[in-house]
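Have the structure open while you read.

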Number of protein chains: 2
Amino acid sequence: MFESAELGHKLEKEVWDRELPTLREALLDAQFDLAAAKFPVVILVAGVDGAGKSETVNTLNEWLDPRHIQTHGLDVPSDEERERPHMWRYWRMLPPKGKIGIFDGSWYTWPILERTSGRIKTSELDQDMGRVARFEQMLIQEGALVLKFWMHLSKDAQKKRLKLLEKDPKTRWRVTPRDWKHFELYDSFRQVSERALRATSTAASPWIVVEASDWRYQRLTVGKILLEKLRARLDNPAPPPPPPPPALQPVASLDEMNVLRALNLTRTLEKKDYEEELLTLQGRLNLLTRHKNFKKHSVVLVFEGVDAAGKGGGIRRITQALDARTYHIQPVAAPTEEERAQPYLWRFWRHLPRRGKVMIYDRSWYGRVLVERVEGFCAEADWQRAYSEINDFEDQIVRSQTLLLKFWLSISQEEQLRRFQERQVTPFKRFKITDEDWRNREKWPQYERAICDMIDRTSTEIAPWTLVESEDKRYGRLKILRTLVQRLEDEL
Amino acid sequence: MFESAELGHKLEKEVWDRELPTLREALLDAQFDLAAAKFPVVILVAGVDGAGKSETVNTLNEWLDPRHIQTHGLDVPSDEERERPHMWRYWRMLPPKGKIGIFDGSWYTWPILERTSGRIKTSELDQDMGRVARFEQMLIQEGALVLKFWMHLSKDAQKKRLKLLEKDPKTRWRVTPRDWKHFELYDSFRQVSERALRATSTAASPWIVVEASDWRYQRLTVGKILLEKLRARLDNPAPPPPPPPPALQPVASLDEMNVLRALNLTRTLEKKDYEEELLTLQGRLNLLTRHKNFKKHSVVLVFEGVDAAGKGGGIRRITQALDARTYHIQPVAAPTEEERAQPYLWRFWRHLPRRGKVMIYDRSWYGRVLVERVEGFCAEADWQRAYSEINDFEDQIVRSQTLLLKFWLSISQEEQLRRFQERQVTPFKRFKITDEDWRNREKWPQYERAICDMIDRTSTEIAPWTLVESEDKRYGRLKILRTLVQRLEDEL
């Protein structure tokens, strides 16, 4: 894959001087059009040591309008970043629509170095690259233009480059013992990189390998390709959304039975028993959050349920037992302007908690396959792909020492009606009921199907759904608390 | 993921009796329409032991028109199959367009069992599932409808089922000690299966989990879903091809240099030196094919090059040294009718050699990214995705003890003209030159770009291209022979 980048490509100074002004002007024009076109551009600059990665990034910064680019040099992760899933740092760096994000170092850096140094196996590298490929596919399906540049030097050229840098007092600081150590691993690094590039070169986002032995050739090539790809995307009308895949499982199972209907909603609890157990459980929960191992984990709680199912009440019974510095409740409503300029999972990624913290999502990323599906807020192809994107997201949460619990609060249609009516006549509850609630209620069968599909496709060994019979509020609340306490006790 | 399939779904006999005739008639109608619609249907029936997989397959066989279905029960691989890449057996079973292929056991069986028994690691399972996902994606992009049924029984239900079968003298034979051994692994099997299903449930081909505790419910559910999906695809006009991704690398590199132009075509060889080395190399080659380890490998040789580059001559210098039972030459021209009814790689898969055999492809699967690209015989999206499909294909070849060598024979445009003219005046060479050759010649720049892209994207560590300077036929032929002999000596 590196053949074309070992030919000694070279560009004469006259060509550079002649072409540069035109290119820069065209790039600025394209950037101006991009702001209106409303899609993000993700540029990765990766490659071998000494191949002018940072210099290329600097050049792009010089050529482009700085107000519409964001550059991210990959540094040591901060404590904020270390306490979250590996990809969290990249999610927070994603450029919004209309902007260009340039990454000097990226989600490839770590897996390639780990494999080169033998700390992970080839199958683990492939596993990582599979995740990367799915992540990039998601970005592309969310509209991003993803350009991946690989700066290449042959082994000889790399050696020459390092020596040259070392000889010149002005550039000596660029060459560290670490660079020479990496040089010794050149062959292995090349082999691993090639495998990574091969696994992630797709039709929609192929790797672009650029020879780095002549800086003028390298910079002008990167600039011209960037311009070409930007213009191609800007000048063609947005591609039509991919055709929706065939519909999912049939509307209702043949015997009209499903996971929701199988729940026994007649369970109740006496007030006295409830109050006693509530206090016990809250006490245990509070103790658990002060356990020495609690600080090693994060906790994510997801609350979903139809309107008036008791999400707020359930959440309050938990937070009553927590120190206010420990938890945060994230109510999920319509996305903000900033959130709409990002992939749909972005607004949930941004709120993932640090170690020792509890994040409570009151509604969540499941909106994609519930309300957005039923109300047609997104295309069928979008919610269809969301199931596996959500599973990938939760897989990353769970692999980073985070306890993830997902509660579905279930009530009958009759009980919902009763609660709606009660809300309407109780002055301090009236704010909770809107016309929208009544409209949603009319779509009960469609929601039921969407909920069952959601549970079938996203209740996994690593992140199972807990179905909560909430017809009786007391029963439901205690089931939630008990599940949480039990899970924490198992884990700590 | 199995929640909905552990509810004890049941279907009354009256419902079954009432619905069955309608379903069967509708299925036969759909099958009739399928023959005209010209896309293949791949049905996988997988799941836990005792969940009626074979019985379901039998039922489908009973309901459908046997002339248009092909059923494949996964048995022990034959010696023919063991001597080829793992997926070869499935490629030969793929249904052609207009037909339905039913697989009782599939490409999932082996990886799931290997992981359940602990013989492979989780990362290796993920690696396998990544390959499976890419394979299925390819099938879907080639037009196939892929339906994946997972027959599920809860642990209790499976136990009950096995005991019940054992008690009845008529069905006792169905339960083997192996089934009970598998039962002990139920929890682990469930966990592994869930991981496999999660990794391969895509929007275009989600797994369909069916509860197997009641046979009427199970069979009718499978039949109805099959009908629903078939009709959905038949009644909707073929989805438009996906929009072409942005164009690849720019036409020419900035300095007009590329891998072809970098070749030194002035190398020549004296006739006497040539004849001497030719005989030596042919002798070594013949000895190598009689080496005791030769029988443990297969050899695949790929010859590509512009018209009149000397492919035939190069091939003959190899076969002269081989026993006729050892090798086969596969000239690749327009696909046959049977081949056109399959994914484009099918006609190359079918000819992969057994151990101890040499298969020589005179032109190859690279036609997809050369002639088909340049002449517009396939959509841009199709040849764009071909690079990674080809890399996956070659990865499988190489992992199955097969030596794969790919030769690109390069000549200059002037030399081609000289050879064309010579062919036209030499009576016994005249058959080699057609109007098409002259037409192709006019597209030299487009071909040059396609060739460079091909080398950049498919010359990999595991399957590198050997670029052969063939301006001087003698020099080229010896380079080919030398490369082959060297490679065999390294390997045996």
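## Ground rules, and a buried alanine

A residue counts as buried if 20 or more other C-beta atoms lie within 10 Å of its own, as exposed if 12 or fewer do, and as partly exposed in between, with C-beta atoms placed from the backbone. By that count A:Ala308 is buried, because it has 23 C-beta neighbours inside 10 Å. Its phi is near 70°, a positive value in a residue other than glycine. A:Ala308 sits in the loop between strand 6 (298-305) and helix 12 (311-319) of chain A; helices (H or I, at least four residues) and strands (E, at least two) are DSSP runs, numbered from the N terminus.

This is a predicted model, where local features need pLDDT of at least 70 and side-chain atom pairs count only at pLDDT 80 or more, while totals for chains, interfaces and linings use all residues. Residues are numbered from 1 along each chain as its sequence is written, and chains are lettered from A and ligands numbered from 1 in the order in which they are written.

## Chain A as a whole

Chain A has 20 helices and 10 strands, and its C-alpha atoms fill a box of roughly 85 × 50 × 45 Å along the principal axes. Of its 492 residues, 39% count as buried. Two residues are in contact if their C-beta atoms, placed from the backbone, lie within 7 Å. Among the contacts in chain A with a separation of 6 or more, 83% join residues 24 or more positions apart.

A:Cys452 is buried, with 21 other C-beta atoms within 10 Å. Setting aside neighbours within four places in sequence, A:Cys452 is in contact with A:Asn258, A:Val259, A:Leu260 and B:Ser4. A:Cys452 and A:Arg261 are 191 residues apart in sequence but 10.0 Å apart in space, C-alpha to C-alpha.

## How the two chains meet

How many residues of chain B are in contact with chain A? The count is 62 residues of chain B, in contact with 62 residues of chain A. On the chain B side, helix 6 (122-141), helix 9 (186-200), strand 5 (207-211), helix 10 (215-235), helix 16 (380-399) and helix 19 (444-458) each supply at least two residues. Helix 10 of chain B gives the most, with nine residues. Sorted by class, this side has 29 nonpolar, 17 polar and 16 charged residues; Ala, Val, Leu, Ile, Met, Phe, Trp, Tyr, Cys and Pro count as nonpolar, Asp, Glu, Lys and Arg as charged, and the others, Gly among them, as polar.

## Helices packing on helix 20 of chain B

Helix 12 (residues 311-319) and helix 20 (residues 473-491) of chain B pack at an angle of about 45°, with their axes 9 Å apart. Axes are lines fitted to C-alpha atoms, for helices over the stretch in contact, and angles run from 0 to 180 degrees between N-to-C directions. That makes helix 12 of chain B oblique to helix 20 of chain B (under 35 degrees is roughly parallel, over 145 roughly antiparallel, 65 to 115 roughly perpendicular, and the rest oblique). On the helix 12 side of chain B, B:Gly313, B:Gly314, B:Arg317 and B:Ile318 take part, and their partners in helix 20 of chain B include B:Gly476, B:Ile480 and B:Leu484. The residues of this contact divide into four nonpolar, three polar and three charged.

Helix 11 (residues 271-289) of chain B also packs on helix 20 of chain B, at about 30° with the axes 10 Å apart. These two helices of chain B are therefore roughly parallel to each other. By class, the contact of helix 11 with helix 20 in chain B has 10 nonpolar, no polar and five charged residues.
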